[in-house]
Amino acid sequence: MSEPVRLDVGHRRLKASAGSGKTWRLVLRAVELLDAGAPVDSLLAATFTRNAAGEIRDRILARLCEAASTDAAAASLQKDLEKHRTLPERRAGVMTRDRAGMLLRRLAREVHRLQVRTLDGFLAAMVGAFPAETGVPPGVRIAEDSEDLRLRADAIEQLLADERHGDAIVRLLRTLTQGRADSG
């Protein structure tokens, strides 16, 4: 097995409004790094939603599949890589169908190592990996949406069942509703 390639490429942050091409740029950056020999597990793309993370991963694979399928798609990828290069120099050869196929096979073998995640998932993994350093008890995790709703409902039910908090609850509700009362 060969020694992993070490690239000093720095980090990139893309911050822009919806529909501005962030995913497209992330896909190109990932392909560029893979093409330069970066290990799959050295890549991280973090976003806000699971849907966006899945879309990024799918588009990386799709772009390589397309480039491995036709000469025109490989040439299009080559053109995009040249136009939007982020590495100081092009470290690999021309993107051909064969080269795209090789990158696709490499990525497919290690897709489980590709880190395309939500920000909260990434941070939770970091906290989980270093509980002593972060001062968080081992085993702490972020609740799933359905679990979160159930936990909130349980907390509200327990609070309302405790008669000692009646006046505080009324004050809180008045504050939250700005004094308006309705059937809701």
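Glu 110 is partly exposed, with 26% of relative accessible area. The model in which this residue sits is predicted.

**Overall layout**

The secondary structure consists of 8 helices and 2 strands. From one end of the sequence to the other, these elements follow the pattern α-β-α-α-α-β-α-α-α-α. The chain has 184 residues, of which 26% count as buried. Among contacts in the chain with a separation of 6 or more, 67% are between residues 24 or more positions apart. The accessible surface is about 13,200 Å², and carbon and sulfur atoms account for 54% of that surface.

**Salt bridges**

How many salt bridges does the count give? The count comes to 9. Three of them are described here, beginning with the one between Asp 41 and Arg 113, where the N to O distance is 3.5 Å.

Through shared partners, Asp 41, Glu 110 and Arg 113 are joined into one network.

Another salt bridge links Asp 80 and Arg 63, with the closest N and O atoms 2.6 Å apart. Asp 80 is part of helix α3 (residues 71-83) and Arg 63 is part of helix α2 (residues 50-69), so the pair ties together parts that are 17 residues apart in sequence.

Are Asp 80 and Arg 63 buried or exposed? Asp 80 counts as buried, and Arg 63 is buried as well. Asp 41, by contrast, is partly exposed, and Arg 113 is partly exposed too.

| Residue | State | Relative accessible area |
|---|---|---|
| Asp 41 | partly exposed | 44% |
| Arg 113 | partly exposed | 38% |
| Glu 110 | partly exposed | 26% |
| Asp 80 | buried | 14% |
| Arg 63 | buried | 12% |

**Helix α2**

Helix α2, which holds Arg 63, has 20 residues. From its first C-alpha to its last, α2 reaches 28 Å, close to the 28 Å expected at 1.5 Å a residue.

Which residues of α2 are buried? They are Ala 53, Ile 56, Ile 60, Arg 63, Leu 64 and Ala 67. These residues lie on the same side of α2, because the arc they cover around the axis is only 95 degrees. Arg 50, Asn 51 and Asp 58 are exposed on the other side of the helix.

What covers the buried residues of α2? The cover includes the helices α1, α3 and α4 and the strands β1 and β2. Of these elements, α3 also holds Asp 80, the partner of Arg 63.

**A nonpolar patch on the surface**

Leu 172, Leu 173 and Leu 176 make a nonpolar surface patch of about 310 Å². One of these residues, Leu 176, lies in helix α8, which spans residues 166-176. Leu 176 counts as exposed, because its relative accessibility is 60% and the exposed class covers values over 50%.

Notes. Residues are numbered from 1 along each chain as its sequence is written. This is a predicted model: local features need pLDDT of at least 70, side-chain atom pairs count only at pLDDT 80 or more; totals for chains, interfaces and linings use all residues. Side-chain values use heavy atoms; hydrogens and water are left out. A salt bridge is a side-chain nitrogen of Lys or Arg within 4 Å of a carboxyl oxygen of Asp or Glu. Buried means under 20% relative accessible area, exposed over 50%, partly exposed in between (1.4 Å probe, protein chains only). Helices (H or I, at least four residues) and strands (E, at least two) are DSSP runs, numbered from the N terminus. Patches are made of residues with over 30% relative accessible area and no salt bridge: like charges are joined within 9 Å, nonpolar side chains (Val, Leu, Ile, Met, Phe, Trp, Tyr) within 5 Å. Accessible areas come from the Shrake-Rupley method with a 1.4 Å probe; for residues, only the protein chains shown count as cover. The expected span of a helix is 1.5 Å times one less than its number of residues. The arc is that of the directions from the helix axis to the C-beta atoms. Contact means heavy atoms within 4.5 Å.
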